[in-house]
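Morning, everyone. I will take you through one model today, starting with a pair of strands and then moving to the core and the ligand.

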Amino acid sequence: MPDEASAGDYAAMIEDLRGFLDRLSSARPSPEAVRCLREALTGWSAELDRSQVPEHDRVFGRLAGLPGRGQTMSPRLEIVETGPDGSRGTVRFGRYHLGRNGAAHGGSIPLVFDEILGQVARVNGRSLARTAYLRVDYRSITPIDRDLEISARLVSVTGRKYVVAGELRDGPVLCAEAEALFVELRPGRP
Ligand SMILES: CCCCCCCC(=O)SCCNC(=O)CCNC(=O)[C@H](O)C(C)(C)COP(=O)(O)OP(=O)(O)OC[C@H]1O[C@@H](n2cnc3c(N)ncnc32)[C@H](O)[C@@H]1OP(=O)(O)O
């Protein structure tokens, strides 16, 4: 992991990257701007090629405690309260996550449910578990560009099986609900 100062810079860079992806996805750049962007990206890809590391040493998505864990794959999730039986927080789907007609893309919603439901399954040291299934019911469109409330609660523990349920709300409106099964890995399983 990076030291505190560079972790702060890394986290800020990830926020910049989220903002960049939002702007890119809702822009209609000129051909000249596209050429310049390509040039800059090619330069940065070459630079990053020089600092590739094995999975264990990655920083992306490993900054626990920060909103979004320092990654851009899933929408920005900020946990405000967590405990052994559940957690709640806010999530913001950006323009990058737009599907059609103002609604978040259906695939971006399970991403954030896997994050928060997985975190509930992970507390109390149940770290070596994987998502066996994740079911999402889309109840109403999920709007982008505003903070929504998201929650998860532990439903049951049966041997190695943890069932966790979640809800995504825009104020009084239920946007989506989910249920997932996490199965603790047997010793020696990757
Ligand atoms: C706690 C930390 C949370 C971390 C969040 C992780 C986020 C992720 O996205 S992980 C990546 C996505 N998931 C994966 O890649 C998982 C791929 N699948 C697997 O590795 C395995 O199938 C795995 C680990 C889920 C289960 O394998 P294994 O340990 O051999 O379990 P197995 O013995 O077959 O089944 C155990 C129990 O779970 C049940 N079960 C397993 N899969 C399912 C399923 N899909 N649906 C319903 N029940 C299931 C079995 O029926 C069995 O129940 P019972 O004990 O009552 O008979």
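Start with strand β1, residues 76-83, and strand β2, residues 86-92, which pair in the antiparallel sense over seven bridges. A hairpin of two residues joins β1 to β2. At that end, Gly 83 stands opposite Gly 86 in β2. Keep in mind that this is a predicted model.

Next, the core. The largest nonpolar core has 24 residues. Those with the most contacts inside it are Phe 113, Ile 116, Leu 117, Val 120, Val 164 and Ala 180. Four elements, α3, β4 (147-158), β5 (161-170) and β6, each supply at least two residues of this core. Of these, α3 gives the most, with seven residues.

Take Val 164 as an example. Leaving out residues up to four places away in sequence, Val 164 touches Leu 117, Val 120 and Ala 121, then Ala 152, Arg 153, Leu 154 and Val 155, and finally Ala 180 and Phe 182.

Now the ligand. Which residues come nearest to it? Of the 18 residues around the ligand, they are Gly 118, Ala 121, Ala 129, Arg 130 and Ala 132. The elements giving two or more residues to this shell are α3 (108-122), β3 (129-138) and β6 (173-184). Here β3 gives the most, with five residues. By class, the shell has eight nonpolar, six charged and four polar residues.

Definitions and conventions. Residues are numbered from 1 along each chain as its sequence is written. This is a predicted model: local features need pLDDT of at least 70, side-chain atom pairs count only at pLDDT 80 or more; totals for chains, interfaces and linings use all residues. A residue is near a molecule or strand if its C-beta atom, placed from the backbone, lies within 6 Å of it. Ala, Val, Leu, Ile, Met, Phe, Trp, Tyr, Cys and Pro count as nonpolar, Asp, Glu, Lys and Arg as charged, and the others, Gly among them, as polar. Two strands pair if DSSP finds at least two bridges between them. A nonpolar core is a set of buried Ala, Val, Leu, Ile, Met, Phe, Trp, Tyr and Cys residues joined through C-beta atoms within 7 Å. A residue is buried if 20 or more other C-beta atoms lie within 10 Å of its own, exposed if 12 or fewer, and partly exposed in between; C-beta atoms are placed from the backbone. Two residues are in contact if their C-beta atoms, placed from the backbone, lie within 7 Å.
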